[in-house]
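Me: I am new to this structure. Please take a close look at one part of it, and then say how the rest is arranged.

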Amino acid sequence: MPSASRLRRKVAIVGAAETELGVLPDRSMIQLHAEAARLALADAGLTEDDVDGIATAGTTPADISEYLHISPRWVDGTAVGGGSFLMHVGHAAAAIEAGYCDTALVTHGESGRSRVGMPPGDAGPSSIQGQFEHPFGGWGPPSMFSIPQVRHMHHFGSTEEQFAAVAVATRRWATLNPRAMMRDPISVEDVLNSRLIAWPLRLFNCCLVTDGGGALVLVSEERAHDFPKPPVWLLGRGEATAHRSITFMDDMTEWTPAKQTGASAFAMAGLDHADIRHLMLYDAFTHVPVYALEALGFVEPGEGAPYFAEMHTAPGGELPVNTNGGGLSYTHTGMYGMFAIMESVTQLRGEAGERQLPNLELSMTHAPAGMFSGTSTLILGNL
Amino acid sequence: MAYDKPLPEPTPETQEFWDGLKRHELRIQRCLDCDRFYFFPRPFCPHAGCRSGNVQWETVSGRAKLHTYVISHRGFGGFADDAPYVIAVVELDEGPRMMTNLVEVEPTPEALPVDMPLEIVYDDVTDEVTLAKFRPARG
């Protein structure tokens, strides 16, 4: 059976850019996609005319083709939530190696805050969620993504104080990032004193809600050095989907699919945990990176929350996590995964300014599909 | 006042579940080959290693344990006046889990220990739809 490791270091990210972020009521969702695409192409010294592959989520490849007025010969509309873009990177690598396209563009744009030009959201009343979840008053991720946390607290003894510390550690990184929306230091007490949203979540356990976009340009190894910026290589990837509705998450105490995608990414890259000292762990809420850290195997099950509380992931810690300030303090448009990848790229390019990790060669990015519904893992490197 | 919260729209494979609730019976499916119950309704056993199509509807006890929950301090639409309210996932004594609201209990962590025993309450929210809700077990 063919092994994914033959795709290791065969494809590189050579263009990467974000739009302005924050509150952008003057821009539609599709406009943010296009703006990010054009910025990422410019970063690579390219234009739309060079693109022959498109992957996107939140809208469709057809919408992007129309808006950019191009006709790609490879498309991927995998849309399984905030981590879709990580999957797109893995798919693009296979497509480029297969010869399906030469220059793949992955776009994200979302008017998550201002809701300009956004498609309608929820599944209808005859869907599984419409029948078996919506009648009970869930109102989106803060009330649903949070459902498993109480079981984790019961099973492992993890505490509200420890989950609060995730926000504190992440904010410390944001103080070093001039583009972060929230930059004032906070304490565990500040988090615990913020208003209740859906216990055990309080306001500061929750990510920001913003507008913005980001995009990536990928090409093959043969062309990877022909661009203005040094290549950032795809070394490993893994992806999985499981349930759609949080009710049907088999084990509420662990992120089961993440165990597979982490192991797959490590196997493809030929690397192990000890090689990784920069992690981007999608943090829609403070418990989400805790589940990820445990499932990816950086700590034992149940040790994730204490690990964050001991500030090992904060500036100066042994395992920097979410160095841009994360969804909690940097930005969160709704499908944050693009920004997690972007920070891995920024760090590997050595462009992270005051928060730059010295001599960094590898970065792991992890994001959910939906609400613990699945997961995707990337390992990127610059050598 | 008319009921103003989201209502389910049954599909062919779920109709028996909703018809059962309307009769105040909790009806779920059991696999006749591996002898396990499952939920949500579908015409085959979802358990790994089984996957049988030999399944049947049965009426179950309505007893459950509190598996996990949130206490929502915000509500939208018809739920605006309900906050704080409990959105829970309960584990039926027969095994499967389902989402519900907990009723007849204080919406505080102190009143809601994980694994507390629960029993079903049939909430006839409209003439057509009955929802399965749960309260602390009484006996």
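Reply: Val11(A) stands opposite Ser220(A), which belongs to β7(A). The two strands concerned are β1 (residues 11–18) and β7 (residues 211–220) of chain A; they run antiparallel and are joined by seven bridges. Two strands count as paired if DSSP finds at least two bridges between them. Strands are DSSP runs of E with at least two residues, helices are runs of H or I with at least four, and both are numbered from the N terminus.

This is a predicted model, in which local features need pLDDT of at least 70 and side-chain atom pairs count only at pLDDT 80 or more, while totals for chains, interfaces and linings use all residues; side-chain values use heavy atoms, without hydrogens and water. Residues are numbered from 1 along each chain as its sequence is written, and chains are lettered from A, and ligands numbered from 1, in the order in which they are written.

The pair β1 and β7 sits within an open sheet of nine strands in chain A, ordered β3-β2-β4-β7-β1-β8-β11-β10-β9, with mixed pairing. A contact here means heavy atoms within 4.5 Å.

Another helix of chain A is α13 (residues 337–349), whose 13 residues reach 19 Å from first C-alpha to last, close to the 18 Å expected at 1.5 Å a residue. That expected span is 1.5 Å times one less than the number of residues. All of α13(A), 13 of the 13 residues, is buried, so the helix is largely enclosed by the rest of the structure. Buried means under 20% relative accessible area, exposed over 50%, and partly exposed in between (1.4 Å probe, protein chains only). Just after α13(A), Gly350(A) has a positive phi of about 75°. In the loop between α13 and β10 of chain A lies Asn359(A), with a positive phi of about 55° although it is not a glycine. Asn359(A) counts as exposed, at 70% relative accessibility.

One peptide bond in chain A, from Trp199(A) to Pro200(A), is cis, with omega near 15°. Pro200(A) is in the loop between β5 (196–199) and β6 (201–202) of chain A.

Chain A also meets chain B, with 32 residues from chain A and 38 residues from chain B in the contact. Between them they bury about 3,000 Å², 67% of it on carbon and sulfur atoms; this is the accessible area (1.4 Å probe) lost when the two are put together, summed over both. One salt bridge is found across this interface, a term for a side-chain nitrogen of Lys or Arg within 4 Å of a carboxyl oxygen of Asp or Glu. The side chains of Arg151(A) and Asp115(B) meet in a salt bridge, at 2.9 Å from N to O.
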